[in-house]
Amino acid sequence: MARVLIVGAGLTGSLCAALLKKETARPLHLVVWDKAGDSGGRMTTANSPHNPQSTVDLGAQYITRTPHYAKKHQSFYDELLVHGILKPLTSPIEGMVMKEGDCNFVAPQGVSSIIKHYLKESGADIYFRQCVTQINLRDDKWEVFEEAGSPEQFDIVVLTMPIPEILHLQGDITNLISECQRQELESVSYSSRYALGLFYEAGVKIDVPWAGQYITSNPCIRFISIDNKKRNIVASSEIGPSLVIHTTVPFGVTYLEHSIENVQKLIFQQLETILPGLPRPVATKCQKWRYSQVTNAAANYPGQMTLHLKPFLVCGGDGFTQSNFDGCIASALCVLEALKNHI
């Protein structure tokens with residue numbers, strides 16, 4: 001059985017795994033590695049250390065389906081809606097720009113439940129805290145090194161991490177990327193921002209008329225959401241409310257190399273001016289998104305970039321499409337197509 005390694009347990013990686021399980025004729029041994037401690041990538045949901053049922057989406061907040069993708073990716077939306085993984089967004093989000101025919105969805109169990117669904121469908125072996133450092137060619141296989149353990153061999157490798165992380169890899173892979181491909185990969189750029197999740201004690205009330213709000217007049221804060229309210233989950237006597245703040249990109253870029261403690265303090269100062277008198281949270285989770293959203297994609301390689309044919313090595317992810325749900329689906333489908341032609 002061919003061993004396939006997918007690097008990255010975000011949306012593209014998890015969907016690649018699910019599609020490979022479902023769509024390929026011959027059985028594959030699927031393995032997923034991610035450098036984080038859990039799956040989700042930029043669709044990550046954090047839990048309160050005091051109550052795992054209190055959660056907050058630190059990355060993607062909701063999914064917007066355009067009329068074009070409602071047709072093109074209908075089966076993906078239908079599957080997630082049937083399983084109750086997605087539900088229509090009905091809570092008020094102030095300042096949200098809606099285009100005609102668009103429809104928004106939230107994930108009641110947190111946005112990472114989408115990733116967990118696809119990983120479960122894939123039946124893949126999933127390993128966390130696996131940071132790939134080097135990829136070499138050895139006897140018509142890929143020898144993949146990660147920071148902590150000994151190298152492992154795979155017949156096929158799919159890289160779905162942010163493109164700068166692909167360019168940082170050592171080993172034979174550096175010589176396999178053609179000059180033209182390298183230029184294209186180096187042209188991909190990302191915005192940076194921070195997300196701050198706040199968890200409150202059960203019984204705390206946050207009295208605002210909205211579930212989310214886009215802020216246009218603050219140098220630090222771009223978006224705030226009462227996260228449980230956004231997902232139509234009422235805070236109860238057992239579960240307190242949770243709040244998420246996304247910073248502006250200029251703030252993210254300015255403070256990218258500062259300590260998390262310092263950044264968190266600055267966000268709190270600005271939050272006080274927007275929502276004065278908020279109670280003290282019982283726990284916080286500050287997330288640096290160095291690679292938040294793609295601002296310039298690899299235009300000449302729509303969906304994927306094949307780096308080597310035998311053995312097969314391919315890159316995918318939103319760096320080859322666009323930073324949203326449909327961009328990741330499009331990339332996963334392109335990776336699948338390339339792999340099917342190879343297999």
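The model is predicted.

**Helix packing**

| Pair | Axis distance | Angle |
|---|---|---|
| Helix 1 (residues 11-23) and helix 4 (residues 112-122) | within 7 Å | roughly 30 degrees |
| Helix 1 and helix 11 (residues 325-342) | 9 Å | about 40 degrees |
| Helix 3 (residues 74-82) and helix 4 | within 12 Å | roughly 100 degrees |

Start with helix 1 and helix 4. Their axes cross at roughly 30 degrees. Angles under 35 degrees count as roughly parallel, and helix 1 and helix 4 are therefore roughly parallel to each other. Helix 1 passes helix 4 in a left-handed crossing. From helix 1, the contact takes in Leu-11, Ser-14, Leu-15, Ala-17, Ala-18 and Lys-21. Helix 4 answers with Ile-114, Ile-115, Tyr-118, Leu-119, Glu-121 and Ser-122. By class, this contact holds eight nonpolar, two polar and two charged residues.

Helix 1 also packs against helix 11. The angle here is about 40 degrees, with the axes 9 Å apart. That makes helix 1 oblique to helix 11. The crossing of helix 1 past helix 11 is right-handed. On the helix 1 side, the contact is made by Leu-11, Thr-12, Leu-15, Cys-16, Leu-19, Leu-20 and Glu-23. On the helix 11 side, the residues include Phe-325, Cys-328, Ile-329, Leu-333, Leu-336 and Lys-340. The contact of helix 1 with helix 11 counts 13 nonpolar, two polar and two charged residues. Leu-11 and Leu-15 of helix 1 meet helix 4, and Leu-11 and Leu-15 also take part in the contact with helix 11.

Helix 4 has another partner in helix 3. These axes come within 12 Å and cross at roughly 100 degrees. Helix 3 and helix 4 are therefore roughly perpendicular to each other. Phe-76, Glu-79 and Leu-80 of helix 3 touch Ile-114, His-117, Tyr-118 and Glu-121 of helix 4. Four of the residues in this contact are nonpolar, one is polar and two are charged.

How much space lies in the second largest pocket? The volume is about 240 Å³. The second largest pocket is lined by 14 residues, and those closest to its centre are Val-204, Lys-205, Ile-206, Asn-228 and Ala-235. The lining has seven nonpolar, four polar and three charged residues.

How many cavities of 30 Å³ or more does the structure hold? There is one. The largest cavity has about 40 Å³ of space. Its lining includes Arg-42, the run Thr-160, Met-161, Pro-162 and Ile-163, and Tyr-190. Gly-316, Gly-317, Asp-318, Gly-319 and Phe-320 also line the largest cavity. By class, the lining of the largest cavity comprises five nonpolar, four polar and two charged residues.

**Backbone geometry**

Most residues other than glycine have a negative phi, and most peptide bonds are trans. Two spots depart from this.

Lys-310 and Pro-311 are joined by a cis peptide bond, with omega about -5 degrees. Pro-311 sits in the loop between strand 21 (304-308) and strand 22 (312-316).

Arg-129 is not a glycine, yet has a positive phi of about 55 degrees. Arg-129 is found in the loop between strand 9 (125-127) and strand 10 (132-138).

Methods: Residues are numbered from 1 along each chain as its sequence is written. This is a predicted model: local features need pLDDT of at least 70, side-chain atom pairs count only at pLDDT 80 or more; totals for chains, interfaces and linings use all residues. Side-chain values use heavy atoms; hydrogens and water are left out. Axes are lines fitted to C-alpha atoms, for helices over the stretch in contact, and angles run from 0 to 180 degrees between N-to-C directions. Helices (H or I, at least four residues) and strands (E, at least two) are DSSP runs, numbered from the N terminus. Angles under 35 degrees count as roughly parallel, over 145 as roughly antiparallel, 65 to 115 as roughly perpendicular and the rest as oblique. A crossing is left-handed if the near helix is turned anticlockwise from the far one by less than a right angle, and right-handed if clockwise. Contact means heavy atoms within 4.5 Å. Ala, Val, Leu, Ile, Met, Phe, Trp, Tyr, Cys and Pro count as nonpolar, Asp, Glu, Lys and Arg as charged, and the others, Gly among them, as polar. On a 1 Å grid over the protein atoms alone, a cavity is a set of points where a 1.4 Å probe fits but cannot get out, and a pocket is an open set with protein on both sides within 12 Å along at least five of seven lines; lining residues have an atom within 4 Å of a point. Grid points are joined across faces, edges and corners, and a volume is the space filled by probe spheres set on the points.
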